[in-house]
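Q: I am new to this structure and would like to be taken through it. Could we begin with the way the chains meet?

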Amino acid sequence: MELKKFRKKSPWILHYNTGSCNGCDIEILACLAPKYDLERFGILNRGNPKQSDILLVTGPVTKRAKERLLRLYFEMPEPKVVVAVGACACTGGVFRHMYNVENGVDSIIPVDVYVPGCAARPESIIDGVVKALEILEKKKKEIELPPYCKVPEGEKLNRRKLLERCLEVINAGRRS
Amino acid sequence: MEKVIYSLFLLPWLLALLVFVSPFHRLRQLITFLSFPILTYLSFKVWNLKLPLFITPPEWVNLAVTLFDYGLLLYFLYQGIKFRNFLVSVLAAAQLFLLSWVLLIIPHGETPPIYVDGLTTFMYFIVATVGSLICIYATKYMEQEDLDRENRFVAALLWFLGVMNFAVSVNNVEWFFALFETTTLASYVLIRFRWDSVSISNALQALWMNQIGGIAILLALLFGIKYYSVYSFTDILKVNPAVTSMIPLGFLAIAALVKGAQMPFHRWLLGAMVAPTPVSAILHSATMVKIAPYLILRLSPVIKGTLLAKLLIVTTGFVFVSAGLLALTQDNFKKILAYSTISLLGLMMLTASMGSPTAVLASLLLILFHAVVKALLFMEAGVIEKLFKAKYIEEIRRLVEKAPITVVFISIGFMSMTIVPYGIFMAKWLTLEEASNFLSHGAYVGSIIFIATGSVILTLLYFKVIGVMTRKRGEFMRFKLEKLPFIYLSTAGLLALFTIVGSIFIAHLSADFVNAVVASISSSPAPVKASGLTLITPLSEVYGWQIIGAFILLLIVPIFAYFVHFPEVDRVYEYTCGERVETTLGTYNFFCVSQVEPLIETAAVALFIITLVLGGGLI
Amino acid sequence: MNWEALVFTLFSPVIGGFIYGLERVVRARMQGRVGPPVLQPFYDFLKLMDKRSIVIHSFHAFMGIMYLVGTWFSLYVLLSGGDLLIAIFFHVLSLAFLVVGGFSVRSPYSILGAMRELLHMVAYEPLYVLTAAGLYLVTGTFQISEILNSNEVPLFVLPLVFVSILLSLPTLLKKSPFDIAEAHQEIIGGPEIEYSGKFYEAVYTAKWIEYVYVFFLIFLFGGGNHLLGAFLVLFAFFFFNLLDNVTARVNFRQMVAFHWYVLIPLVVINLMLLALWRG
């Protein structure tokens, strides 16, 4: 049996707020409430990275949040997708280039779907999640690394070592 | 025939003497080791004799026992005055007075003072196996503690075994009093062994509390002579309590409750933990406190169904639950074990006071398995104290990484007190099904509630401790067993082996072996049968495949779990919301329970008095 | 060997999965939502199979699998028609694996959850033992196969016992108001938090088997009248879903106090009055 097609039938969500104003977060919760009812797609908000498939990130990623975001990302088992919800999560939004933010989620972890809006509307969040499901179906089970985190050829690192390597890079501030 | 019985009393004393005078550690160990095969062989010989057996020793023994009594009580009085302990001296003086009175009015009976039946032999077996294993263990333990005083210590333990053998085979209540007080003396001497201020004060506490039991026996003797003019257990069993007074029986029951460390007299058993660990092991498992259920079992045919028995059920059931509750608040490993002993002693007496053959069978199974398991657990407590320098359960955190064998032993011990296929569970199950026949009696409904609640509280307690032990940081990368001294390993291993084998063959054990003892106590055996591993009771059955299945799940699988590795699987850290935090994980100590401790003690005192006043017919 | 029971036990995850799927739909409808398809638990199951596995350490992961095996075994003990009390205590055995697994990782949530799991047991275990005694009082046997063939209907003479079992169902299945061991908003699933992928799948399936276990206990109240038993199961299903939807979580003291001081006295009153009446 092809197990891949069941990925999009039961995506479980982890929702993480990286310093957002809570506007997008309220919209995400609205999606789960009776009016939009995301559960009809089998979507559950697990609140636990180890059992989740979709990471919904809001907020511009403050300096304090970047390490947490990376750790949560590494605790999620592959295949997984990341959805950046809201203008701040996509680009940094009104906070872009401020001293305390990292200009969007994709500067820390690879992002698959960007959902714009300030705050993003529930309809567009649902649209984004459904788009993410299509990507999820095609994903492989290899560990996905952020672009700034290079592993030299021939070196075999386990998950914990990879996380530490990436943490080293983002804490040193050297990223292209 | 009589020689076998006498040698069961005297041989441990002889061995004790030999140990005391022998100059070399190895020699002492060898002599101590001899006690195990010799005592077991002798018990086996007694088992094969034609029971019950009445023995009349020469007349001078009676005089000697009386003189010994006086000497003992005068020694207690002296200790009370020496340590300026008011209670000890007053109680000793009161006992001297009561004893003199008893001797004045005691009639000359023809009943032989020594009576050996199935129950006695059963106790011989426990003393011979568990007791001598603890003595063997003690030689190694003392080597690590204080080699100079090893000979005294081991000699005292061995002497204690002889006393215990004697105590369970007397028929004359006056002699029983003498031996009861001797066990008190033994506990006093052993608890005091380290000679520091805490030890001495705890030993004095044990002394005065146990003397209350002595007074109760003397009162029972007085009233027994007054009302029935009998002073032997076999004669008491012949009287009909429905038409005569319950007072002597009430007092004997009180003596049992005090000796069995039931609340509110539980503190002396908790205080015993200041002594070296083998003392706790021997007090809690093989000897001493087992006199309490023994006494109730002796009386059970005559008190069965009376108000006294029902009140005993409620009192001991209450202790079973509340001692378990109080154990939740403790963080000292030995204290947890002590509380669970108090709790399980309550259960043994509960089943003994029910008195029906099935309940008596349950009580005997409880005595047997509890002796084995408690000895095992205390041995392991000694091991973690000596080898891993841990006394509190906070300190045994992650023990599984350092000491897998010890953890397996402790887990077997803990699980065998609560979970399905083990002997103690079977006893609880038999009791529950027995009590379900009498749902119109409040005491029996109460006993179901008490057993169910108490055992689930003990489950909570034990898994709390197992949880602390098995917590670990990561994979077993380099799996290695700890190095245990051979004596520690073999004694504990034997006990664990017995727990497991005995539980697997529980059907045969209870139907063929223990049931013979039941028949000697309550005139008819319990209606249980064994077919293969399946235990069949009149109401239902426990199938062999259930027992085997549970054992595979409980025993083989967790050991197997040490060796299971999932190599191709990623490792991650625990979920801490993405934070990098160093956590110090403790355990929950149920402070909410310690608030109600005064209430529990008040209730226990009230129940105690009610048992004496209403059950004894003082009203 | 009881083949019927064996087959039923083997298929119990399927049945339990359907029950769980139905539960999610019913709950959604009660909240005015559409809800997921009935087969949703099986989709979850198949998806979890496809995930990359991550574990804390092997011991922990293995305990998750053993929880599934233990629960399965305890269900077979129940269904094979043996002693009811033994079957109830086998349930403790299966929970032991979840608890030991929960304690074995250095995660505060997991340890809290395992401790609360034990507190759940403290709450409901005495109640179930008393219920077994009550069923014995009515039917005269502890053998489940004989209870199911008896002429008596336990429900009619043990109404208060049934009510207390109904009210303690959420404790056994960890549903609101007594979902303190799982408490998704508070300790994120408790002892199951650190499982993931295939290992979480084992824990997830074990929970479905527990549904079958619990509803079979309810079924026993119908006695020989199996139709009534089935109706009781249906009623219990809707009732605890309703309860789940309309109540908030209590703390563990309230839970234990409710079971000990309200439900156990109810059961005792029923049992003693009945026993006295029958003499």
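This is a predicted model: local features need pLDDT of at least 70, side-chain atom pairs count only at pLDDT 80 or more; totals for chains, interfaces and linings use all residues.

Q: Understood. How many residues are in contact between chain A and chain C?
A: On the chain A side there are 33 residues, and they are in contact with 30 residues of chain C. The area buried between chain A and chain C is about 2700 Å², and carbon and sulfur atoms give 51% of that area. L3(A), E39(A) and K50(A) supply 21% of the area that chain A buries against chain C, more than any other three residues.

Q: And how many salt bridges are there between chain A and chain C?
A: The count is 8 salt bridges between chain A and chain C. One of the pairs that form a salt bridge is R52(C) with E78(A), whose closest N and O atoms are 3.9 Å apart. Across the interface of chain A and chain C there are also 20 residue pairs in polar contact, with both residues at pLDDT 80 or more. By class, the side of chain A that touches chain C holds 15 charged, 12 nonpolar and 6 polar residues.

Q: Turning to chain B and chain C, how many residues does that contact take?
A: Chain B gives 63 residues to the contact and chain C gives 67 residues. Between them, chain B and chain C bury about 6000 Å², with 77% of it on carbon and sulfur atoms.

Q: How many salt bridges are found across the interface of chain B and chain C?
A: The number of salt bridges across the interface of chain B and chain C is 0. Residue pairs in polar contact number 6 there, both residues being at pLDDT 80 or more.

Q: Which elements of chain B supply residues to the side that touches chain C?
A: At least two residues each come from α19 (423–435), α20 (442–470), β5 (541–542), α23 (544–561) and β6 (570–571) of chain B. The largest share of that side, 15 residues, comes from α20(B). By class, the side of chain B that touches chain C has 37 nonpolar, 16 polar and 10 charged residues.

Q: You mentioned β6(B). Which strand is joined to it by bridges?
A: Strand β1 (residues 54–55) of chain C is joined to β6(B) by 2 bridges, and the two strands run parallel. R571(B) has V55(C), in β1(C), as its bridge partner.

Q: Let us stay with chain B. Into which domains is it divided?
A: Chain B is divided into domain 1, covering 1–56 + 112–163, and domain 2, covering 303–565 + 584–619. The C-alpha centres of domain 1 and domain 2 of chain B lie 26 Å apart. Their contact takes 19 residues from domain 1 of chain B and 25 residues from domain 2 of chain B.

Q: How much area do those two domains bury between them?
A: Domain 1 and domain 2 of chain B bury about 1900 Å² between them, 82% of it on carbon and sulfur atoms. In domain 1 of chain B, the residues that lose the most area to domain 2 are F122(B), L133(B) and Y137(B), together 34% of what that side buries.

Q: How many salt bridges are there between the domains?
A: The count between domain 1 and domain 2 of chain B is 0 salt bridges, and 2 residue pairs are in polar contact across their interface, both residues at pLDDT 80 or more. On the side of domain 1 of chain B that touches domain 2, α2 (25–48) and α5 (118–145) of chain B each supply at least two residues. The largest share of that side, 16 residues, comes from α5(B).

Q: Back to chain A. What is the strand order in its open sheet of 5 strands?
A: The order in chain A is β2-β1-β3-β4-β5, with parallel pairing. The edge strands are β2 (44–45) and β5 (113–115) of chain A, and each pairs on one side only. Strands β1 (residues 12–17) and β3 (residues 54–58) of chain A pair in the parallel sense over 5 bridges. In β3(A), V57(A) stands opposite Y16(A).

Q: Last topic: where are the cis peptide bonds?
A: One of them is the peptide bond from C118(A) to A119(A), with omega near -10 degrees. A119(A) lies in the loop between β5 and α4 (122–138) of chain A. Another cis peptide bond joins M263(B) and P264(B), where omega is about 5 degrees.

Definitions and conventions:
Residues are numbered from 1 along each chain as its sequence is written. Chains are lettered from A and ligands numbered from 1 in the order in which they are written. Side-chain values use heavy atoms; hydrogens and water are left out. Contact means heavy atoms within 4.5 Å. Buried area is the accessible area (1.4 Å probe) that two parts lose on being put together, summed over both. A salt bridge is a side-chain nitrogen of Lys or Arg within 4 Å of a carboxyl oxygen of Asp or Glu. A polar contact is a pair of N or O atoms within 3.5 Å; within protein, one must be able to donate a hydrogen and the other to accept it, and residues adjacent in sequence count only if both atoms are side-chain atoms. Ala, Val, Leu, Ile, Met, Phe, Trp, Tyr, Cys and Pro count as nonpolar, Asp, Glu, Lys and Arg as charged, and the others, Gly among them, as polar. Domain bounds come from an automatic or database domain assignment. Helices (H or I, at least four residues) and strands (E, at least two) are DSSP runs, numbered from the N terminus. Two strands pair if DSSP finds at least two bridges between them.
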